[in-house]
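Here's a quick walk through one protein model, looking at a loop, a pair of helix contacts and a pocket. Have the structure open as you read.

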Amino acid sequence: MAEVKLIATTQSLFCARVEWALKLKGVEYEYLEDDLRNKSPLLLKYNPVHKKVPVLVHDGKPIAESYVILEYIDETWKQNPLLAQDPYERAMARFWARFVDDKCVLGAWQAACLAEGEEKIKAIESAQESLAFLEKQIEGKKYFGGEEIGFLDLAAGWIPLWLNVMEEVGGMKLLDAERFPFLHEWARNFMEIPLIRESIPPRDKLLDYFHASISYMRSLATNIQ
Ligand SMILES: N[C@@H](CCC(=O)N[C@@H](CS)C(=O)NCC(=O)O)C(=O)O
């Protein structure tokens, strides 16, 4: 039988989406937890370019970058497809998934890292403008993928837990229920899926991790001033 290993860290939203995909497909895999403060020789060997998790290793062949991994998984194990058959729908899922990382994850992280002030207010508004585009995408649908979860649901899957933790640690509210009712509803539906709920990190561990990371980022900013 093919050997599948996932080099990952529990607190990473990029790793979570890969784990969800493997579980959705029913692929057996070995989970190898890495320590990003002291990266393993295996991680450095298999992802020498970015030195980041997640890395999927299939029969000794490494694949890095979470979206590349998701597509690889979808093409290798055909059951429960993540991407639609239709080329346009596939293109749109890829477009919005990239948007999720480039604008929403990054925007929320930047806003969370800023201390109170004019710049933080602007960063919050900008992140909310990005989330508003996603709100339009999910309006009237149960999942981004339609009746079943798909590629874009896994991409946006960080929202229910990770965004919520970033909001708490960053002292801000981005996804308020009145402004984003459809995303709220989607987040509730998404978290009700047993395989998703069963493979998320404990909230208190994530809070500790984000407290440490955001304090560190703020200390860097203070030292630069
Ligand atoms: N674009 C990458 C992002 C992966 C990423 O940023 N991973 C973080 C953990 S959340 C990492 O490994 N960081 C280690 C480092 O930057 O040195 C993906 O989608 O896989």
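Let's start with Lys51, which sits in the loop between α2 and β3. This is a predicted model, and in it the phi of Lys51 is near 60 degrees, a positive value in a residue other than glycine. The loop between α2 (41-46) and β3 (55-58) also holds Pro54, and a cis peptide bond with an omega of about 5 degrees joins Val53 to Pro54. For context, most residues other than glycine have a negative phi, and most peptide bonds are trans.

Now for the helix packing. Two pairs are worth a look:

| Helix pair | Angle | Axis separation |
|---|---|---|
| α4 (residues 87-113) and α5 (residues 118-138) | about 155 degrees | 8 Å |
| α1 and α3 | about 5 degrees | 9 Å |

How do α1 and α3 run relative to each other, parallel or antiparallel? With an angle of about 5 degrees between them, α1 is roughly parallel to α3. On the α1 side, the contact is made by Phe14, Arg17, Val18, Ala21, Leu22 and Lys25, and they meet Ser66, Tyr67, Ile69, Leu70, Ile73 and Asp74 in α3. Sorted by class, the contact of α1 with α3 has eight nonpolar residues, one polar and three charged.

The other pair goes the opposite way: angles over 145 degrees count as roughly antiparallel, so α4 and α5 are roughly antiparallel to each other. α4 passes α5 in a left-handed crossing. From α4 come Trp96, Phe99, Val100, Lys103, Cys104, Gly107, Ala108, Ala111 and Ala112, while the α5 residues they meet are Lys120, Ala123, Ile124, Ala127, Ser130, Leu131, Phe133, Leu134 and Gln137.

What is the volume of the largest pocket? It comes out at about 1,200 Å³. There are 35 lining residues, and those closest to the pocket's centre are Ser12, Phe14, Leu36, Lys52 and Tyr209. Phe14 has turned up already, as one of the α1 residues that meet α3. Helices α1 (13-25), α3 (66-76), α4, α7 (159-170) and α10 (203-224) each supply at least two residues of the lining. By class, the lining has 17 nonpolar, seven polar and eleven charged residues.

Methods. Residues are numbered from 1 along each chain as its sequence is written. This is a predicted model: local features need pLDDT of at least 70, side-chain atom pairs count only at pLDDT 80 or more; totals for chains, interfaces and linings use all residues. Side-chain values use heavy atoms; hydrogens and water are left out. Axes are lines fitted to C-alpha atoms, for helices over the stretch in contact, and angles run from 0 to 180 degrees between N-to-C directions. Helices (H or I, at least four residues) and strands (E, at least two) are DSSP runs, numbered from the N terminus. Angles under 35 degrees count as roughly parallel, over 145 as roughly antiparallel, 65 to 115 as roughly perpendicular and the rest as oblique. A crossing is left-handed if the near helix is turned anticlockwise from the far one by less than a right angle, and right-handed if clockwise. Contact means heavy atoms within 4.5 Å. On a 1 Å grid over the protein atoms alone, a cavity is a set of points where a 1.4 Å probe fits but cannot get out, and a pocket is an open set with protein on both sides within 12 Å along at least five of seven lines; lining residues have an atom within 4 Å of a point. Grid points are joined across faces, edges and corners, and a volume is the space filled by probe spheres set on the points. Ala, Val, Leu, Ile, Met, Phe, Trp, Tyr, Cys and Pro count as nonpolar, Asp, Glu, Lys and Arg as charged, and the others, Gly among them, as polar.
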